[in-house]
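Here are my notes on the model, as numbered points. Have the viewer open while you go through them.

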Amino acid sequence: MTSPSATATEPQATAPAAQARPAALSTPGHDTGLLLLRLVLGLTMAGHGAQKLFGWFGGGISGTGQFFTASGYPAGDAMAVLAGLTETLGGLGLAAGLLTPLAAAAVVGTMVNAIAVHGTGAFFAPAGIEYELLLTAGAAALALTGPGRYAVDGFLPVLRAHRLAHGALALALGVVLAAVTLLVRN
């Protein structure tokens, strides 16, 4: 038999289930949802960029460059290449979950310019900005939440554990670069 004083001084083993634990940040459903969002958003943006760069589906540098010039940007063809590369590389980065905060910032910066060019006269399509705003919000959400477990970032030491600060700084960079690009517009 043990005396009451002996049991009071001995440390009690606590069952793992009884210990307070934070809620899991990553579940298979959460990670699958982020993967779906990354794939759809990223491949949509990459398709838009490829359309500009390679002339697919009625696109091309020349026609897109003329649109940029008509929208007040200098060097329309150069801006078309820049937009095409940003959309393609940012979109593919999002889809793969590679450098996700920077890929999302590239998409956000491009979409900020698209919203500015399109104007805010209406919200709903075809004259409104709902599509551009949805792409912007989706990319910003991915920058802030991270890509989930099913992403290439999981293999990069710096981005393995997503940090809100990485996403926020990348978004700030994307918005600043978008603002600089808008400043060169007439």
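1. Start with the largest pocket, which holds about 900 Å³ of space. A pocket here is an open set of points on a 1 Å grid over the protein atoms alone, with protein on both sides within 12 Å along at least five of seven lines. Its volume is the space filled by probe spheres set on the points, which are joined across faces, edges and corners. This is a predicted model, where local features need pLDDT of at least 70 and side-chain atom pairs pLDDT 80 or more, while totals for chains, interfaces and linings use all residues. Numbering runs from 1 along each chain as its sequence is written, and side-chain values use heavy atoms, with hydrogens and water left out.

2. What lines that pocket? There are 34 lining residues (an atom within 4 Å of a point), and Lys 52, Phe 68, Ala 83, Glu 87 and Thr 110 lie nearest the centre. Two or more residues come from each of helix 2 (28-54), helix 3 (61-70), helix 4 (76-96), helix 5 (100-118), helix 6 (130-145) and helix 7 (164-183). Helix 5 gives the most, with ten residues. By class, the lining has 17 nonpolar, 14 polar and three charged residues; nonpolar covers Ala, Val, Leu, Ile, Met, Phe, Trp, Tyr, Cys and Pro, charged covers Asp, Glu, Lys and Arg, and the others, Gly among them, are polar.

3. The second largest pocket has a volume of about 270 Å³. Its lining counts 15 residues, with Ser 26, Gly 148, Arg 149, Arg 160 and His 162 nearest the centre. Helix 2 gives the most here, with three residues. The split by class is four nonpolar, seven polar and four charged.

4. On the fold: the protein chain has seven helices and zero strands, where helices are DSSP runs of H or I with at least four residues, strands are E runs of at least two, and numbering starts from the N terminus. Of the 186 residues, 33% count as buried, meaning under 20% relative accessible area, with exposed over 50% and partly exposed in between (1.4 Å probe, protein chains only). Among contacts (heavy atoms within 4.5 Å) with a separation of 6 or more, 67% join residues 24 or more positions apart. The chain exposes about 10,800 Å², and carbon and sulfur atoms supply 73% of that; the areas come from Shrake-Rupley with a 1.4 Å probe.

5. Have a look at Thr 136, which is found in helix 6. Is Thr 136 buried or exposed? Thr 136 counts as buried because its relative accessibility is 12%. Its side chain reaches the backbone oxygen of Glu 132 at 2.8 Å. Leaving aside residues up to four places away in sequence, Thr 136 touches Val 108, Met 111 and Ile 115.

6. Then some backbone geometry to check. Most residues other than glycine have a negative phi, and most peptide bonds are trans. The bond from Ala 125 to Pro 126 is cis, with omega near 10°, and Pro 126 lies in the loop between helix 5 and helix 6.

7. Ala 75 is not a glycine, but has a positive phi of about 50°. It sits in the loop between helix 3 and helix 4 and counts as exposed, at 52% relative accessibility. Leu 99 also has a positive phi of about 50°. Leu 99 lies in the loop between helix 4 and helix 5 and, at 41% relative accessibility, counts as partly exposed.

Key. 1 Å grid on protein atoms, 1.4 Å probe; cavity = no way out; pocket = protein on both sides within 12 Å on 5 of 7 lines; lining within 4 Å. Polar contact = N/O pair within 3.5 Å; in protein donor to acceptor, adjacent residues only side chain to side chain.
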